[in-house]
Structure formats: C-alpha cells, structure tokens
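The following paragraphs lead through one structure, from single residues to the chain as a whole. Please keep the sequence and the model in view while reading.

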Amino acid sequence: MSARYPDLLVAEAAASLPVHVVLKDGALDGTGGAATVAWARAHEFTGKAGQLLVLPGPDGSVAGALFGAGEAFDPGTARALAVRLPAGVWRLEGVAGADAESAALAFALGGYRFDRYRARPDAGRPLLVAPKGMDIPAALRIVAACALAREMVDTPAADMGPLQIETIAREIAGESGATIVVTEGEALLEANYPAIHAVGRAASPARQPRLIEIGWNLDKTDRPLVALVGKGVVFDSGGLNIKGGAGMRNMKKDMGGAAHALALGRLVMQSNLPVRLVVLVAAVENAISADAFRPGDILNSRKGLTIEIGNTDAEGRLVLADALCRAGEHAPDLTLDFATLTGAARIALGPDLPPLYTDDDALAAALLEAGRAVGDPLWRMPLWSGYRAAIDSDLADVRNDSAAWAQAGSVTAALFLQKFAPETGVWAHMDIFAWNPRARPGWPEGGAAQAMRACHAMLVRRFSTAR
Ligand code: BES
Ligand code: MN
Ligand code: ZN
C-alpha cells in the first residue's frame, strides 16, 4: 500500500479554468463581466467563506468558478475545492505567494478518498495548476505521506494487522535503502521486549506482536540522529478490561501512531534530510484469549522498570515503553513519538488539536510555530510533575493506569512515557486522535494525519543545510 491516488497538482496546462477567490462582499470585477455579476446575484453569492459558484460559459460549458474567502482567505479551505469542483484543470485567481502554495497543498490533501473497498469507476476529478515556482514534487511527497497515514488508519483491522504494517515498513525501507529489523513473537522475549510481547501475545498466530525498526544513514555519524516512534495497536479491544461497543467501534485506528511514524519516516528519507533516522513501530493487537495479560499482572520492561497492570486497556504506553527505551539505545538527538494514547486527550482538546508534551521549550516553540505555519496545529500540555505520584504502584516501579484523583489522563499517560523516553537529546510526545469524526467536503470522516506536517516542517527547519 502506498497511497495510489492521482497526483492532483499539475505544473501547467494548455488550458485551465479560473477559480476566482472572492472576499465577502468583494467586487467581482475581472471575474467575467456583467453576466457573471448577474449570475452571482441570482445565486446569492456573497463571498462567504467556503461558498462556491460554478460559472457557465455561453454554450453551457463550465467557464470558471467563484470561491468565497470570507473576511480573509484561509488557504486550508481550498481542501473543499478538490471535492466540489467539476472535473477539469483549474487555477486559483486572486491568491498569491505563500497563500497560493498553501492553498494548492490543501487542495491536494482535500482530494484524498478511501475507496479500497468500493468497486466504482474512477470518475474524472478536478486538478489544480500549482502556482509558478512551487516545488510540486515536494508538495506531493507531503500529500502522499498524509495519504499513507490516512489509508493505513482507514483500513479495517482485519486487513491492517501487524504483518501488513511490517510489509509497509519493508516497502518504505526498501525504497530508500534503509535497513529493517523485525522482532516477532517469542523472539521479543529473547531480545528483551517483554512489554510488547505481553500486550500482543493474545493475538492469533498470524497476528503476533512485533517491533519494527528501520535505520537509515546510521553510519553517517556526523549527522544528528532523529528517532520516530509509533504506537501500532492494530485493534484495541481493551483486552480483558474489554471496551464497550461504542468505545471499541473505531479502534482500528489505534495504529495511527505507527502510521504517522512510518509515513513521516518515509517523508524524511524521500526529502533526503541530512539526518540519521531510526523509525520504531510496535505493532500488536490488544486481543482477548486465555493467554492475554491480566489486570494485576506485573510486567517487566526493557528498561528494567516493573509495571503493575491496573488496566489492560492502557496498553499503548506499555508497548511504547519498550520502543522508547530501544530508541534511547541509539542515543538520539531528537525523539518524536506519535500515539492514539488516551481518550482523555480528546476530552481535553477535541478531535482536531493534538496535545504536545515535551520538557524542551525550544522544541515546543519550534513545533507550535511550524504547525501554525503549515496549518497543522498542536497544543502544548504540561508534563506536570505534581501528578507523577498518580502512577506510583504499591507493588511495582510504576503502574499503567493512574490513580483516579489525578484525572488528567493524557497528562499521566505522558508522565508514564517520560520514564522510558531517551535520556539523550530532546523528546516530544503527541497524543493524536488520528481521526476526523466530522465529515465536510475535503475533510472526509475517517483517518486523519495530525501533527505530521508540523513535525516535518520543524525537522526541515532544524536540520536542513540548504535553508
Ligand atoms: N487507544 C485508547 C485511547 C483512545 C480511545 C484513543 C479513544 C482515541 C479514542 C487507549 O489504549 C486506551 O484505551 N486508553 C484508556 C486508558 C485508561 C484505561 C487508563 C483511556 O484513555 O480511556
Ligand atoms: Mn486501550
Ligand atoms: Zn489503545
């Protein structure tokens, strides 16, 4: 799987139709004359943000379109154009510079659709002429990375098990000449990944747990080392602390962190960023069987810290504990982890704004700023040391659920991860939702890439020698 859907940005076209971006109550001069003004009035086109009006030519063909920008044009709204415009080649008029490039990227992101399980002919679709000077291949790499993450999340758990994630990882590694090591099943115990094994061992034999490790340019020791870590729970039933029906319904998406780590890793390699890269993905199914780990069990971890299981549904932090510890063995300069870790994150910030945790103020500022610049927002949350006591265990070094008094479930989960995070360099954790629950044109309900473009932009700024 590598997101096979058409490239929606083109460099130039012999003929293209204009989409005129019009401010609220803005003048329509230059959009087609008196006939257009009359047509716009007849359709009550006011330039309200997101309003779209297709313009007819004299012969009834499509001649162009008006697109409302509201008080100020938000380039992100161009996502809708990829869905709402008639098939054809289009160009944006009335937008320039960085906004035009952002709008073109948004258009391409908006064209994603998940049709793997639908037998229907691919109808023609709108394409957009990219603004002059835009690096189209670079933009399409970003779009493809987002599409890969979304497609992996959208794919049902039956077809996106640990093996399928491994297959995608092998493909990604192969494309860029990276090394890949997969430690699977009982071998996890021999290699000392006890927490990953415990969480995943209840799955059927074909879906055994595994740790996937990609390494790229590791011999270029003068380069900074970036580690990307992802939670790859291919389905989270909750384990013996089984989830209710509503809570389980969307748990195919619980490998969203792994999808993000792999897609961002591919993007870093394709962009040829001058770094060394390690991508670590723990791919497991949190299943129920006679062999499932239990509430009250005490697990060992790679780090040597023992973990009392208060709740088998707090499984993501367990597999990340071993994966983060492994990342630390590479002495990374920068570690980013992505995980659909807690329901509490969504309660705190809703589906669209992923919590960011890091103790490094400069990294936080860089990520927030990059997120603003590329329209992929994050919100910083505290690694509040006052709540550390909530994950103390009476019997073990730490517990995987937190005492009820602390309440802030996303924060206490992040504090748990912090105990296992690399001690070298800086570390940031993103508790992503990886899902859009609210369907709008250009934003279909389903898998969502979150914080990935922000992370990529941050990495490019931090490590690019060219900039
Ligand atoms: N994968 C879930 C978190 C989740 C739930 C993310 C819904 C997005 C939407 C995670 O493994 C989980 O079940 N977390 C529990 C932890 C609790 C048992 C301490 C949670 O957040 O309720
Ligand atoms: Mn869970
Ligand atoms: Zn989970």
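Glu44 lies in the loop between α1 (34-42) and β3 (52-56), where helices (H or I, at least four residues) and strands (E, at least two) are DSSP runs, numbered from the N terminus. Its phi is near 55 degrees, a positive value in a residue other than glycine. At 65% relative accessibility, Glu44 counts as exposed; buried means under 20% relative accessible area, exposed over 50%, and partly exposed in between, with a 1.4 Å probe and protein chains only. The model is predicted, so local features need pLDDT of at least 70 and side-chain atom pairs count only at pLDDT 80 or more, while totals for chains, interfaces and linings use all residues. Residues are numbered from 1 along each chain as its sequence is written, chains are lettered from A and ligands numbered from 1 in the order in which they are written, and side-chain values use heavy atoms, with hydrogens and water left out.

A positive phi is also found at Asn192, near 70 degrees, again in a residue other than glycine. Asn192 sits in the loop between α6 (187-190) and α7 (194-200), and with a relative accessible area of 32% it is partly exposed.

Rings of Phe, Tyr and Trp (its six-membered ring) pair if their centres lie within 6.5 Å; planes under 30 degrees apart count as stacked, over 60 as edge-to-face and the rest as tilted. The count by this rule is 4 aromatic pairs. One of them joins Tyr387 and Trp405 edge-to-face, at 6.3 Å centre to centre and 70 degrees between the planes. This pair links distant parts of the chain, 18 residues apart: Tyr387 belongs to the loop between β15 (379-380) and β16 (398-399), and Trp405 to the loop between β16 and α13 (409-418). Tyr387 is partly exposed at 30% relative accessible area, and Trp405 is partly exposed at 49%. Together with Trp384, these two residues form one aromatic cluster.

The protein chain as a whole contains 14 helices and 19 strands. Its radius of gyration, 24 Å, is close to the 23 Å that the globule rule gives for 467 residues, so the chain is as compact as a globular protein of that length; the radius is taken over C-alpha atoms, and the rule is 2.2 Å times the number of residues to the power 0.38. Along its principal axes the C-alpha trace spans about 80 × 50 × 45 Å. Of the 467 residues, 55% count as buried.
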